[in-house]
Amino acid sequence: MKPIIISLLFALCSIATTAAQNNLPLLRISSTSQKYNISQPWEKKAAVTIRGIGILVGKNQIITTAQMAADATFIEIETTDSKTSMPAKTIAIDYKANLALISVTETPHQELLAKMTPVEIAANPKLDDNVQAYQVEDNGKILVTNGSIRGADVTASFVEGQYFLAFQIKASMQGAANSFTIPVMKDDKLLGLLTGYSAEEQLLDATAPEIIRAFLNDANNGEYIGFPSLGIDISRTIDPHFRSWLKLTDSHGGLFIKHVTRNGAAHKAGIQQGDVLLAIDGNEIDRKGYYKSKNYGPLYWMHLIAGSKKTGEKVTLNILRKGENITKEVTLTKRPEGIIPSHMFGKAPRYLIKGGLIFQELTYSYLKAYGDKWKTRAPISLLDAFNHPEDYEKDRQRLVFLSRTIPTEATLGYEKISSAIVTKVNGKKIADIPSLVEAFKTPDKNGIHTIELDGKLKKLYLDAATASTADANFLKRGLPSLSRTKE
Amino acid sequence: MKLFLSHIICIILGLSSTSASAQALDISAKQKVETKASDIYKSIVRIEVTAQNPSYSNPWNSGKFTGGTGTGFLISKNTFLTNAHVVSNARRILITMHGSARKHPARVLHIAHDCDLAILQVDDFTPFEKLPFLSIGNVPQLESQVRVIGYPVGGDRISVTRGVVSRIDFRPYAHTRADQHLVIQIDAAINPGNSGGPVLQNGKVVGVAFQGLTSADNTGYMIPTPVVKRFLKDIEDGSYDEYMQLGLTNFTLFNPAMRKVYNLKQDDPGILVARFYKDGPVDGILKEGDILTKIDGKSIDSAGSVEIDGERVNMSEIVERKFAGDKIPLNFIRDGKEQTAEITLKPFSASSIYSVQYGKRPRYTIQGGLVFQPLSRNLYAALRLSNPRVRRLFAKYLTENIFKERKDIIILTKVLDAPINSYLTGFTGNAIESINGTKITDIDQLHNILNPETMPEHFVIKCDGLNRPLILPGKDLQKINKQILQTYGIKNASYLSK
């Protein structure tokens, strides 16, 4: 695994750059996105427009990165000569693999695209193969940068912890108007989309063609499903003492399974925490998690799952359990999201305002909003739930918490209460925001809501009538809605 | 009252750094006009301290030698009052009289870290025999004028500043970072070196200067006389017992819905018992959800204040003035019924985890190059522990009664690199939950488990919140340990006794 360095493509020399004829179906994409304000989830932040390039890969199908289309409120496609601009929409998106497929929506534009010849997806390249990265300058000039394949690695590009096969390409690129999603071609076939570039090392990362092919097959085969996962967290077995305790011999590699995601593929197949993963479909996994791939040397094991299999297919795992060799067949599924989603792209954060108490569902983005040092700055109660969701999973779909308290007549005396995990409201267990909304419908006979918290104060009371008055005032002061129950 | 403070805004006035020109002191001493005001100066002494601060990051080391000066004053025969922080971890104390060059060796007779006060004694009191004693007065009025006398930075001679009493409040004491008592704020300039000096009004001591504020100008804080008097009374029996506490967290009853649930009318007194500590004074007497209405016969308002001597102060102030063994009557409402009970105050040692410790050698044990230390405020600060499970154990040590099961929270603080532990550095900063299936309760127990008569094949060490255990082979461990200690220049593999 190698960290991805995404930098802007400024100030680079253009030694290898040549102008080329525009015989490729390159299109400009301009995408306007708006993110929700994490701390005030009823509103969105200012809109941001990013520009990039897409390439036609099928009938009215333009491929680009998920990064381009994430949270997009408006997407527009433009021909490279800027003569025509065409409204478009996302038809399939995979945040983990960082790929998106978009189509233009209007008939004349569809006809225009039909005149272009879609590119084919290249075969997997060999080391030192020559490839070209395509950029479009503001004036419509096509910039082509030559490069060569340096290696293959399994990397995460957009969503942390999601590893996919990518190729490293040595190339010296220059800045251009469209710096997102630069297509990389081999023999005029699409090899991949640029997901990262290190100006210092002059190395590009491009999604592997087999990942693109799998994505397109999935997208063209009914509703988009997504890449499969085993649903395990692993730890390496380099430490010789750890190996001796695990009864691993020197001839073995092996990954220690430290956690099995509830309801994930491995869990359903009976894989247990403490098992050691020795091989996947006969490919032996070494102590650091690599297997020997046919063409690219050692590759990270995740490629044997996400990059090589479809959801619903089976893999055979060789496992060492308490010193005994066993074999398990696992039917691959999409990784269950768990109670704390790893990303919220394309989703709206759910919330409820009750008399000034603000309830939200915990997400990774919420914690990240505490800044670069969120791992030490975020409230310890929420961090703990994030680190150990298994301790909080019971009776929950999502983790509902009281994020903060806006002073109102109903929350008098509660001003300092924040970041407290909610267990029950009016005696009902809280599984998510919709169940919270439901629970608040039934205050007791005196018109009092009882909120049970996992905090210093265990029970909080709220007068239903006073809370309603406060809520009405929020609406008067311009809050669009007191709750959002749909993601 | 003990509390877990995550941020402290106060700074300790501390010790001013040791000055070099001590001989300049007595030149003009004789020329001083002998007035009544200056008579008292002689009883206000300069305290020079050499301290040795233990190292929590390298607990086997002797610690850093530092030094500084503070102020103290004579309150009775061979009894000098000063701040605890002036003489904490002291190895040598010298007292100098105003207008004299002679340094008199002194020692600490009593030290109360929780209220930042200490009593010193000189080896030979003869030179001080004729000096007047400063008497302890009462709480000064707001807006009244006071004088602060001491030996602050900026010169070697005595310094006098004036100010008015600007606030009387219940505030944190920065010395332990965990205690809150009555504090008086004055607008006189108080600077490092002033610490331990008297604040005078009408010739009487109305406070002991002790801390300032980093974020504001012209604010100085002094320890008021109720705190001083309590300290003096506590040590009458020859030893200091520390402050007592109720051992509960309360919640103010401002919210109308909350008042309705607990059947309280607009002006009814009382605060809510939110949590109580197991084994604390109210354990078995109060329950969560009780409304505490009176303490020691005094009515508690919904903000948790009581009236003492015409001033509204935090109800903790009642317990603040009491001693171990004292009984306090409580009135409370449970399930709508008024009830009374009497509690007996007793020391509650578990809360000391939040107090900065002084005068103690840090405890540790080393096995296979792994250094284990019990969690304390000192360790937390020295190592900047950031592991979320450790932070959680620390924050909830009292409120979730973790102390009942785990007297010490043991942290793997360091890995002294050696071939046996090449791959274990990543475990640094974690808390130890169990070893070979036995739950870890304190450092002595952990030490014994790691040093059995016959070594097991492996020590399987489980850390809080980690699913992958740490494995330490038992073979040749004693020999390896000896080598590691030698390599790293560590004399003892452990220091356990408190």
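Let's start with Ser293(A), which sits in strand 18 of chain A, residues 290–293. Strands here are DSSP runs of E, at least two residues, numbered from the N terminus. This is a predicted model: local features need pLDDT of at least 70, side-chain atom pairs count only at pLDDT 80 or more, and totals for chains, interfaces and linings use all residues. Residues are numbered from 1 along each chain as its sequence is written, chains are lettered from A and ligands numbered from 1 in the order in which they are written, and side-chain values use heavy atoms, without hydrogens and water.

Is Ser293(A) buried or exposed? Buried: its relative accessible area is 14%. Buried means under 20% (1.4 Å probe, protein chains only). The side chain of Ser293(A) also reaches the backbone nitrogen of Tyr296(A), at 3.1 Å.

The whole structure holds three cavities of 30 Å³ or more. A cavity is a set of points on a 1 Å grid over the protein atoms alone, where a 1.4 Å probe fits but cannot get out; lining residues have an atom within 4 Å of a point. The largest cavity has about 70 Å³ of space, the volume filled by probe spheres set on the points.

Who lines the largest cavity? Among them are Lys96(A), Gln162(A) and Phe164(A). Strand 10 of chain A gives the most, three residues. By class, the lining has six nonpolar, five polar and one charged residues.

Last, domains. The centres of domain 1 and domain 3 of chain A, taken over C-alpha atoms, are 38 Å apart. Domain bounds come from an automatic or database assignment.

Conventions
Helices (H or I, at least four residues) and strands (E, at least two) are DSSP runs, numbered from the N terminus. Buried means under 20% relative accessible area, exposed over 50%, partly exposed in between (1.4 Å probe, protein chains only). A polar contact is a pair of N or O atoms within 3.5 Å; within protein, one must be able to donate a hydrogen and the other to accept it, and residues adjacent in sequence count only if both atoms are side-chain atoms. On a 1 Å grid over the protein atoms alone, a cavity is a set of points where a 1.4 Å probe fits but cannot get out, and a pocket is an open set with protein on both sides within 12 Å along at least five of seven lines; lining residues have an atom within 4 Å of a point. Ala, Val, Leu, Ile, Met, Phe, Trp, Tyr, Cys and Pro count as nonpolar, Asp, Glu, Lys and Arg as charged, and the others, Gly among them, as polar.
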